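I opened this entry to keep track of what I looked up. I begin with a single residue and then turn to the whole chain.

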Amino acid sequence: MDYDMLVIGSGPSGRRAAVQSAKLGKSVLVVDRGRRLGGVSVHTGTIPSKTLRETVLNLSGWRERGFYGRGYRVKQDISVHDLVERLHKTLDHEVEVLQHQFMRNTVKSARAAVKFLGPNKVSLTSDTGDYSEVGFANALIAVGTRPHRPRDVPFDKTRIFDSDEMLELDRLPRTLTVIGAGVIGVEYATIFSALDVPVTLVEPRNSILDFVDREIVDDFIHQMRDRGMTIRLGSAVKEIRSKPEAAEVELADGRTIRSEVVLYAAGRTGNVGSLGLDVVGIDADSRGRIKVDPNTFQTSVPNIYAAGDVIGFPSLASTSMEQGRVAACHAFGVPLPPPPETFPYGIYAVPEISTVGQSEEQVRESGAAYEVGVARFRETSRGHIMGVNTGFLKLLFSIETRRLLGAHIVGEGATELIHIGQAVINLGGTVDFFVNNTFNYPTLAEAYKIAGLDAWNRMGRG
């Protein structure tokens with residue numbers, strides 16, 4: 001059978017491309033080799049880690065500790081069972097919604113491994129060995145990524161885990177070492193720290209989260225250290241050993257960190273190995289990433305597209321969805337306006353970080369004159385009510401145009417609050433928007449008004 005659109009992978013970009021193609025009246029087949037639809041996002045990535053975070057914050061009473069002290073807990077003995085119970089409920093719901101969405105839009109799906117036989121044909125091989133061939137007019141490669149697993153790291157799911165395997169822990173570790181302070185590393189490190197597990201975070205580079213405004217990162221590191229986390233920056237890992245009684249991480253500087261469990265979270269690799277890309281002449285780099293046209297998401301073969309984590313940065317579920325939609329529209333000749341230049345980036349650590357637009361470093365580099373407005377959450381009445389005594393919002397404004405250039409938040413609710421800054425930036429709003437508009441009181445969003453006034457007082461009326 002031939003399809004107008006073949007989608008390989010059912011994560012955020014694949015799902016959105018499939019539904020968009022179906023809405024345009026096209027025949028669509030989604031093929032995924034996973035046990036259930038949803039891809040990495042639903043089963044091992046975005047949704048599980050965020051569900052785990054929410055469960056930990058609720059059961060540990062983390063959000064209330066500003067009021068009741070660091071010893072406060074909602075549930076005294078939190079087990080892995082407590083964490084997993086909510087996880088499975090959430091995942092079942094996500095899969096159900098996705099299946100219903102495909103059914104409603106007459107999107108067909110199959111569980112199989114895909115291999116390209118040519119620019120318009122693939123083979124499908126099911127788990128039971130059933131083989132079939134399918135023709136397509138257009139295809140989208142949306143296979144996602146898996147954790148990078150170097151050969152010299154002794155992964156054993158007893159002492160040494162990758163980020164996918166962390167969801168299969170049979171009990172909470174007494175101590176944890178996390179190697180790699182990227183987004184996934186800091187999310188898991190801070191989530192376990194919120195459970196009062198002593199955590200050591202190791203990063204070979206001297207800085208973390210380089211795409212985030214430095215002041216936000218400095219505050220984030222201060223908050224992590226303040227609650228007892230050990231952070232070793234500029235520490236290369238020489239060797240990781242799994243011993244019966246503990247895991248050992250030997251650093252290049254001679255120090256050895258012992259802990260019950262090690263999470264190795266240094267990078268991810270595209271799931272392209274078995275696709276037979278060489279048959280159609282598509283190249284992937286050493287980390288399995290595929291190069292695409294950034295506007296259309298076409299690969300070097302015009303009718304084959306790629307989207308989501310497999311094409312690299314920013315590797316966000318939110319941007320992947322848009323990439324899938326844009327690819328589908330382009331494939332079927334539906335013109336789309338260019339996307340806004342800025343999109344929000346959310347890091348679901350404890351505390352959250354979210355950022356949109358330019359960082360202070362980028363504004364400085366551009367040479368434009370600018371002013372900064374800052375509001376600390378503890379300055380808001382809502383912050384007092386919630387017991388929030390950390391976290392802040394930082395806004396950057398152009399002195400010449402008065403426009404908002406960037407918004408950066410570290411603290412409770414950052415990933416929700418960022419959208420106000422995103423809307424103002426993308427609509428060309430100025431500092432006067434924050435000064436002249438009324439915000440609900442008491443809310444954390446009121447921080448925008450405080451930060452706006454902070455900058456306005458120094459910028460004058462313009």
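I looked up Asn138 and found its place in strand S6, which covers residues 131-141. The model I am reading is a predicted one.

I then listed what Asn138 touches, leaving aside neighbours within four places in sequence. The contacts are Asp4, Met5 and Leu6, then Asn303 and Tyr305, and also Ala331 and Phe332.

I moved on to the protein chain as a whole. I noted 14 helices and 22 strands in its secondary structure. Buried residues account for 53% of the 462 residues.

I looked at the overall dimensions. The C-alpha trace spans about 65 × 60 × 40 Å along its principal axes. The radius of gyration is 24 Å, which agrees with a compact globule because one of 462 residues would have a value near 23 Å.

I looked at contacts between residues at least 6 apart in sequence, and 64% of them join residues at least 24 apart.

Last, I checked the record. In an unreviewed entry, UniProt lists residues 344-449 as "domain: Pyridine nucleotide-disulphide oxidoreductase dimerisation". Over residues 344-449 I found 33% helix and 27% strand, with the end C-alpha atoms 20 Å apart.

Notes. Residues are numbered from 1 along each chain as its sequence is written. This is a predicted model: local features need pLDDT of at least 70, side-chain atom pairs count only at pLDDT 80 or more; totals for chains, interfaces and linings use all residues. Side-chain values use heavy atoms; hydrogens and water are left out. Helices (H or I, at least four residues) and strands (E, at least two) are DSSP runs, numbered from the N terminus. The radius of gyration is taken over C-alpha atoms; the globule rule is 2.2 Å times the number of residues to the power 0.38. Buried means under 20% relative accessible area, exposed over 50%, partly exposed in between (1.4 Å probe, protein chains only). Contact means heavy atoms within 4.5 Å. UniProt positions are given in the numbering used here, feature names are shortened, and annotations may be inferred rather than shown by experiment.
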